[in-house]
Amino acid sequence: MKHMTKMMGNNILASSILVILLFCESAVGARTKLLSANNGQDATSALAPSANDGICATMVETHGYACEEHTVTTQDGYILSMQRIPVRKSGEASGNRIPVLLQHGLLMDGITWLLLPPDQSLAFLLADNGYEVWLGNTRGTKYSLGHTSLSPDDPAYWEWSWDELVAYDLPATFQYVHDQTGQKIHYVGHSLGTLVALGAFCKDQQLTRLRSAVLLSPIAYVGQIPSPLARAAAENFIAEALYKTDIREFNPKGKALVEVLKAVCSKPGVDCTHLLTAFTGKNCCLNSSIVDVFLDHEPQSTSTKNLVHISQMIRDGTVAMFDYNNKDENMQHYGQPNPPVYSMTSIPNDLPLFLSYGGADALSDVKDVKLLLASLKDHDGDKLVVQYRDDYAHADFVMGQTAKQDVYDPLMAFLKLQ
């Protein structure tokens, strides 16, 4: 019992350090200055990944897969990084390779799909099963910091929430993959990647370019979210406080944070898989070594305004556009005093959907997912596959060592039928 108490104390300490440093890093706006006032470079060239630095070079080609770096520019000027894995590891192209677009969640980037060993990572599994794989990276993440006129050191760069991901990032990536391949796309999203897709689908967007959608840890309604950190942050208006103090970038990836976490995680009796528990719920299937890989690459920045938007959803229990909490401002943006609602019941009943959610997930809570499923109650029976894993939490779907057999194999069986 004494040993157990000590272990719990160590893990609570580690979690506490994580939270404190996360907010401290954000509060001081810590980030490496990517541009110098006298260097004569624009944001596009200064922030483009070098040939030796991008996701292809560091996470894909090292495992023997061909990979291409691409960029796409959104209508509002953000330059997004994308990666293409065109063929299986052997290099042999197999006939007509259907494109699959993988979209990550909040505070993550495209590396989400590459954290596990190659025989377990969804991106590599799809490539080896004959698909052409595309990785999306939302604005504000490491390799998507470019803009046609703004630097990420400009507060205006961070004036967006997930509304803009629906309106600009998703259309740009869909259009680009469609133009490159000439084919309709299978979409796979995790967490925020599902919310952005659902927001688009209920507005009848992207459907002409879509074959099917896979939603892992689906996020729509979050009013019953049990994550203690997420709920406490929302109920105490933490994101709003940061925003009011002119902190526009929420940057949890600071050198001090990573070094301290690695030091804490190396202590005897500390299992750092528990660090994720406070955020995600108790993940069943993470190998402790995966946390080291995670900390080498994640978490990534997002906008403080995006966190304000999500906090509004947690408090209100609705799926609506960003609320400026001012009728005049809402009128200016939306032509009505209250933000428009994303109506999940408007998703076409014949859209092939695969939803997988977990009983231990503290971000995509079972009760909230059931609200989403209730919105889909009239969905065509042969177009909706719902998978429930009682022991899975939020990170298990992208980092769990059993995800291949539990989730990815059924997922790929679904794709082959579409």
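**View 1. The disulfides of the predicted model.** The structure, a predicted model, holds 2 disulfides, a disulfide being a pair of cysteine sulfur atoms within 2.5 Å. Local features need pLDDT of at least 70 and side-chain atom pairs count only at pLDDT 80 or more, whereas totals for chains, interfaces and linings use all residues. Residues are numbered from 1 along each chain as its sequence is written, and side-chain values use heavy atoms, with hydrogens and water left out.

**View 2. The disulfide of C56 and C67.** C56 is joined to C67 with an S to S distance of 2.0 Å, and the torsion about the S-S bond is about -65°, so this disulfide is left-handed. Because C56 lies in helix α3 (residues 55–60) and C67 in the loop between α3 and β1 (68–73), the pair ties together parts that are 11 residues apart in sequence; helices (H or I, at least four residues) and strands (E, at least two) are DSSP runs, numbered from the N terminus. C56 is buried at a relative accessible area of 2%, and C67 is buried at 13%, where buried means under 20% relative accessible area, exposed over 50% and partly exposed in between (1.4 Å probe, protein chains only).

**View 3. The disulfide of C284 and C285.** The sulfur atoms of C284 and C285 are 2.2 Å apart, and with -90° about the S-S bond this link is left-handed. C284 is partly exposed, with a relative accessible area of 34%, while C285 counts as buried at 10% relative accessibility.

**View 4. Aromatic pairs.** Rings of Phe, Tyr and Trp (its six-membered ring) pair if their centres lie within 6.5 Å, and planes under 30 degrees apart count as stacked, over 60 as edge-to-face and the rest as tilted; by this rule the count comes to 13 aromatic pairs. The ring centres of F322 and Y324 are 4.8 Å apart and their planes stand at 75°, so this pair is edge-to-face, and both F322 and Y324 are buried. Y357 and Y388 form a tilted pair, 5.0 Å centre to centre with 50° between the planes. Since Y357 lies in strand β10 (residues 353–358) and Y388 in strand β11 (residues 384–389), the pair ties together parts that are 31 residues apart in sequence. Y357 is buried at 7% relative accessible area, whereas Y388 is partly exposed at 38%.

**View 5. A ring cluster and charges over rings.** Ring pairs link Y78, Y157, W158 and W160 into a cluster. The charged end of R139 sits over the ring of Y78, 3.8 Å from its centre, a contact that requires NZ of Lys or CZ of Arg within 6 Å of the ring centre and within 35 degrees of the ring normal. R248 lies over the face of Y243, at 3.7 Å from the ring centre.
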